[in-house]
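Welcome! Please take a look at the structure below before reading on.

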Amino acid sequence: MNFTEAVRVAQEQYPKKVTKPIKYGTAGFRSRADALDFIMYRMGLLAGLRARDTSSVIGVMITASHNPVPDNGVKLVDPMGEMLAPAWEVHATTLVNATDEGIASALEGIVSEAHIDTSKKALVFVGRDTRPSSNRLCDAVIAGVTAVGGEFKDFGIVSTPILHYVVTCYNDGGKYGEATVQGYYQKISRAFNKLRSSGTSNGNYDPVILYDGANGVGALAMSEFLNNMKKSLNVTIFNKGEGVLNHLCGADYVKVQQKWPEGVPKTQNVRCVSVDGDADRVIYSYLDSDGKFYMLDGDKIATLVAGYLQELVKGSGLQLKLGLVQTAYANGASTAYITEKLGVPVACAKTGVKHLHHMALEFNIGVYFEANGHGTVIFSKTAREAIETAAQAKNNSAEKLSQVLDVINETVGDAISDMLLVETVLHARGWSVSDWNDAYTDLPNRQMKVTVADRAVITTTDAERVCVTPEGLQNTINKIVKAFLKGRSFVRPSGTEDIVRIYAEASTQEEADNLAIQVACAVYEHAGGIGDRPKAPC
Ligand code: 16G
Ligand code: MG
């Protein structure tokens, strides 16, 4: 195949306007939407090649998740719903950094390195979020797919997990489910309705939810679910799109600002479920009878879910190894609770879903969650088969496990599927949201950002818990941390912003803030900080 058509379309319709090097990061490419047209086009080209390389459908999702509206981004989805393979992240970076004329030789390089048979058919599934720029950028992706002779199916506005789901289902011939948007809603809601067939209330559990759709696709997805879910849950949707996407609402706002989302009535003692702009993250929160705000993040969800699944596995008598994968951001109290109280082994992965997912594959049942609310549960083939066989033999715990399995979207973290999983566990336990929250108390913590001249000077090891360079920084951090009761802190370069992130936890909020500031200052000094020296937590 020659790539003259690919170059022609690039030059005429999607010329490259920036020269600064760009890298395919943890969340693909992400920036201001008006700088993304040529990148989208090139990701369409790449998806066409990747589809031939894997003889499978490849997904392209256009979204900037929890970022503000003027941003957008693109991520490729590999055949079984995984994030793009690392070798192809490199190809993506090469292709995007080529000049317009250089596209042909970049594509030829990829074809020869990956031994791609370009005469094969290529099919690409494309989805997008609700941003105003997403439609235009979707056209650019499609132009790329077409320019390398590929075919596409445009799923329109869908959540990220829906796109992962349809890609997986199509590639496994429908074993996981039907490869349609309706198929997704039906599979998960049918499973949830079944779990609720015995009634909607239990003990302190009340099936009432205030749902914060972040003014994005999560609101649309939830209303579709409600159409399919009969009366199993009493959900009221807020932030449906009347306000600005992710602005003062949504999972990221609630998690980072530790505040109740605007646009949701302040009803006390009722669970509020906030999702992010592409509905792959979920955060719970509530106000107690005094109006005090509590947040239940990915750690709380992970421990709730892992504890429950562990109980069912034990009850079933099946010899299945269950484990939880967290990142360095997991609150120390959650790790202690799950290992010491519940006896579930915990592994720590680098930030980014692909790292957690990869580590979770080492267990028969791998629960993985980032504190920011992104996560899911994956079952190995062995676990799935053992559970189904035992369920058919009327093993009660295995029957429950089998039903729970169908509510979970294993292909990727899925805000709504995760919410239904949480609701299932709370219902089974007869817990109110405060019962859930009382399981353990988070250590006070603080996150900060520091701007440095080049964040690449910071390198880390041990799942980002130890800083290797610049030399001396880790020693300084160790010395600082020592002075704090229950102190823990780490620093890492962000994969999505041009900054260094600082995490600190300690026995009181004041101490956690103080620790964060001191570590931020150490980063500023050792790693070439620019602008003002860090002062207050930001
Ligand atoms: C991306 C990752 C998310 C991670 C975040 C960290 C995926 C699908 N998403 O959004 O898992 O928590 O980056 O951002 O992998 P940071 O590197 O800027 O801290
Ligand atoms: Mg997201």
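## About the model

This is a predicted model, in which local features need pLDDT of at least 70, side-chain atom pairs count only at pLDDT 80 or more, and totals for chains, interfaces and linings use all residues. Residues are numbered from 1 along each chain as its sequence is written, chains are lettered from A and ligands numbered from 1 in the order in which they are written, and side-chain values use heavy atoms, leaving out hydrogens and water.

## The magnesium site

Let's start with the metal. Ser65 (OG), Asp276 (OD), Asp278 (OD) and Asp280 (OD) coordinate the magnesium ion (ligand 2) at 2.0 to 2.2 Å. Donors here are N, O and S atoms within 2.8 Å of the metal (3.2 Å for Na, K and Ca); water is not among the atoms, so sites may look incomplete. Along the chain, the donors have the spacing S-x210-D-x1-D-x1-D.

Asp278 is buried, at 0% relative accessible area, and Asp280 is buried at 3%. Buried means under 20% relative accessible area (1.4 Å probe, protein chains only).

## Around ligand 1

Ligand 1 is surrounded by 14 residues, each with a heavy atom within 4 Å of it. The closest are Glu370, Ser494, Gly495, Thr496 and Arg501.

A polar side-chain atom lies 2.9 Å away in Asn372 and 2.7 Å away in Arg492, while a polar backbone atom of Gly495 is 2.6 Å from a ligand oxygen.

Key:
Buried means under 20% relative accessible area, exposed over 50%, partly exposed in between (1.4 Å probe, protein chains only). A polar contact is a pair of N or O atoms within 3.5 Å; within protein, one must be able to donate a hydrogen and the other to accept it, and residues adjacent in sequence count only if both atoms are side-chain atoms.
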